[in-house]
Amino acid sequence: MRIHDRPPLCTLALARYLGRPPGRVLVEEVQRVLRDGAYERPVFLVQPLGFVTPSAARRIGYAESLAFARVHEEIYRAHGHRLIPVPPAPVQVRAARVETHLRHLAVLPPDRAEGVPDPVHLT
């Protein structure tokens, strides 16, 4: 099992948020992953934590981040995904919630230690 942090639909959401048309390569990749069923329909959506810490890569404020989050939700829903909210909490708690959900779907082996992170990043 693999969990992807930034699939093509995230890039499509960014293009829409910035008011830019998606490029041909992005459109083709979105079409390919949808046609091939490259991603499962359930999608974990990490909910905003209530603040934004500015960095060189993160140059938007909290209000802008909420607007961007809404665009993400719209894009994923419009492309047939079922959103599974991951509420604000420390990273270990969020990861454990995701693991529990995956276990219920019988995707994650039951012998996997609770709370021991895989190389999965849900930030």
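Predicted model: local features only at pLDDT ≥ 70, side-chain atom pairs only at ≥ 80, totals over all residues.
Good morning. A search of the whole structure finds 1 cavity of 30 Å³ or more. A cavity here is a set of points, on a 1 Å grid over the protein atoms alone, where a 1.4 Å probe fits but cannot get out. Grid points are joined across faces, edges and corners, and a volume is the space filled by probe spheres set on the points.

Residues are numbered from 1 along each chain as its sequence is written, and side-chain values use heavy atoms, with hydrogens and water left out.

Which residues line the largest cavity? They are V33, L34, G37, A38, Y39, R41 and H81, where a lining residue has an atom within 4 Å of a point. This lining divides into 4 nonpolar, 2 polar and 1 charged. Ala, Val, Leu, Ile, Met, Phe, Trp, Tyr, Cys and Pro count as nonpolar, Asp, Glu, Lys and Arg as charged, and the others, Gly among them, as polar.

I turn now to the overall fold. The chain holds 4 helices and 2 strands, in the order α-α-β-α-β-α from the N terminus on. Helices (H or I, at least four residues) and strands (E, at least two) are DSSP runs, numbered from the N terminus. Of the 123 residues, 24% count as buried, meaning under 20% relative accessible area, with exposed over 50% and partly exposed in between (1.4 Å probe, protein chains only). Among contacts with a separation of 6 or more, residues 24 or more positions apart account for 63%; contact means heavy atoms within 4.5 Å.

Just after α1, G19 takes a positive phi of about 75 degrees.

The search of the whole structure also finds 1 aromatic pair, a term for rings of Phe, Tyr and Trp (its six-membered ring) whose centres lie within 6.5 Å. The rings of Y17 and F68 have centres 5.0 Å apart and planes at 50 degrees, so the pair is tilted; planes under 30 degrees apart would count as stacked, and over 60 as edge-to-face. The pair links distant parts of the chain, with Y17 in helix α1 (residues 8–18) and F68 in helix α3 (residues 62–78), 51 residues apart. Y17 is partly exposed at 25% relative accessibility, whereas F68 is buried at 18%.

Two further residues of α3 deserve a word. Is S65 buried or exposed? S65, in helix α3, is buried, at 17% relative accessibility. Leaving aside neighbours within four places in sequence, S65 is in contact with V52 and I60. A63, also placed in helix α3, is exposed, with a relative accessible area of 60%. A63 and V52 are 11 residues apart in sequence and 9.2 Å apart in space, C-alpha to C-alpha.

Finally, strand β2 (residues 82–86) contains L83, which is buried at 16% relative accessibility. Beyond its neighbours within four places in sequence, L83 is in contact with V43, L45, E73, Y76 and R77. The C-alpha atoms of L83 and F44 are separated by 6.0 Å, although these residues lie 39 apart along the chain. Thank you.

Technical notes: 1 Å grid on protein atoms, 1.4 Å probe; cavity = no way out; pocket = protein on both sides within 12 Å on 5 of 7 lines; lining within 4 Å.
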